[in-house]
Amino acid sequence: MTDRLATMRAMAARQPGNALVRFGLANELLKANLLDEAATELQAYLASYDDEGNGWLRYADTLTALGRHAEARAAAAKGIDAATRYGHGSMVQEFEERYGG
């Protein structure tokens, strides 16, 4: 385990309600290829934070890597909605390229 991952785990344990810490932990878990745990952290982050699309894309990609394709498409649809709401047209295009529109 990397020092950064250990640090993020400790921060998340101290601040379990902090969505941005959860997102940071999820990113470190992705770097370590701990996909199941990353998916859990991304799900917790997305349940408590109004993400603009990036978190949804990471979640959809993680679910795809885990073979959970229907869930990935559902996450992508929510990501398209979020990116559209925040005016991130290039992110909408990225979702559509990866997951269809």
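Leaving aside its neighbours within four places in sequence, which residues is Leu-63 in contact with?

Mentor: Leu-63 is in contact with Ala-39, Arg-68, Glu-71, Ala-72 and Ala-75, leaving aside its neighbours within four places in sequence. Contact means heavy atoms within 4.5 Å.

Some ground rules. This is a predicted model, in which local features need pLDDT of at least 70 and side-chain atom pairs count only at pLDDT 80 or more, while totals for chains, interfaces and linings use all residues. Residues are numbered from 1 along each chain as its sequence is written, and side-chain values use heavy atoms, with hydrogens and water left out.

Now the core. Leu-63 is among the residues with the most contacts inside the largest nonpolar core, together with Trp-56, Tyr-59, Ala-75, Phe-95 and Tyr-99. That core has 22 residues. A nonpolar core is a set of buried Ala, Val, Leu, Ile, Met, Phe, Trp, Tyr and Cys residues joined through side-chain atoms within 4.5 Å. Buried means under 20% relative accessible area, exposed over 50%, and partly exposed in between (1.4 Å probe, protein chains only). Two or more residues of this core come from each of H2, H3, H4, helix H5 (69-85) and H6. H5 gives the largest share, six residues. A second, separate core has seven residues, including Met-8, Ala-12, Leu-29 and Ala-38. The H labels are DSSP runs, numbered from the N terminus: helices are H or I with at least four residues, strands E with at least two.

Next, H4 against H5. Their axes are 8 Å apart and the helices pack at an angle of about 170°. That makes H4 roughly antiparallel to H5. Axes are lines fitted to C-alpha atoms, for helices over the stretch in contact; angles run from 0 to 180 degrees between N-to-C directions. Under 35 degrees counts as roughly parallel, over 145 as roughly antiparallel, 65 to 115 as roughly perpendicular, and the rest as oblique. From H4, Trp-56, Tyr-59, Ala-60, Leu-63 and Thr-64 take part. They meet His-69, Glu-71, Ala-72, Ala-75, Ala-76, Lys-78, Gly-79 and Ala-82 in H5. By class, this contact has eight nonpolar, three polar and two charged residues. Here Ala, Val, Leu, Ile, Met, Phe, Trp, Tyr, Cys and Pro count as nonpolar; Asp, Glu, Lys and Arg as charged; the others, Gly among them, as polar.

H4 also meets H6. The axes of H4 (residues 54-65) and H6 (residues 89-99) come within 11 Å and cross at roughly 10°. That makes H4 roughly parallel to H6. The crossing of H4 past H6 is left-handed; that is, the near helix is turned anticlockwise from the far one by less than a right angle, with clockwise giving right-handed. Asn-54, Trp-56, Leu-57, Ala-60, Asp-61 and Thr-64 sit on the H4 side of the contact. Met-91, Glu-94, Phe-95, Arg-98 and Tyr-99 sit on the H6 side. The classes are six nonpolar, two polar and three charged.

Asp-51 is worth a stop. This residue lies in the loop between H3 and H4. At 5% relative accessibility, Asp-51 is buried. Its contacts, leaving aside neighbours within four places in sequence, are Tyr-45, Leu-46, Trp-56, Ala-82, Arg-85 and Tyr-86. Asp-51 and Tyr-86 are 35 residues apart along the chain, yet their C-alpha atoms are separated by 9.4 Å.

The axes of H1 and H2 come within 9 Å and cross at roughly 150°. H1 and H2 are therefore roughly antiparallel to each other. H1, too, makes a left-handed crossing as it passes H2. Arg-4, Leu-5, Met-8, Arg-9, Met-11 and Ala-12 in H1 meet Val-21, Gly-24, Leu-25, Glu-28 and Leu-29 in H2. Seven of these residues are nonpolar, one is polar and three are charged. Glu-28 is buried at a relative accessible area of 9%. Leaving aside its neighbours within four places in sequence, Glu-28 contacts Thr-2, Arg-4, Leu-5 and Met-8. Arg-9 is partly exposed, at 27%.
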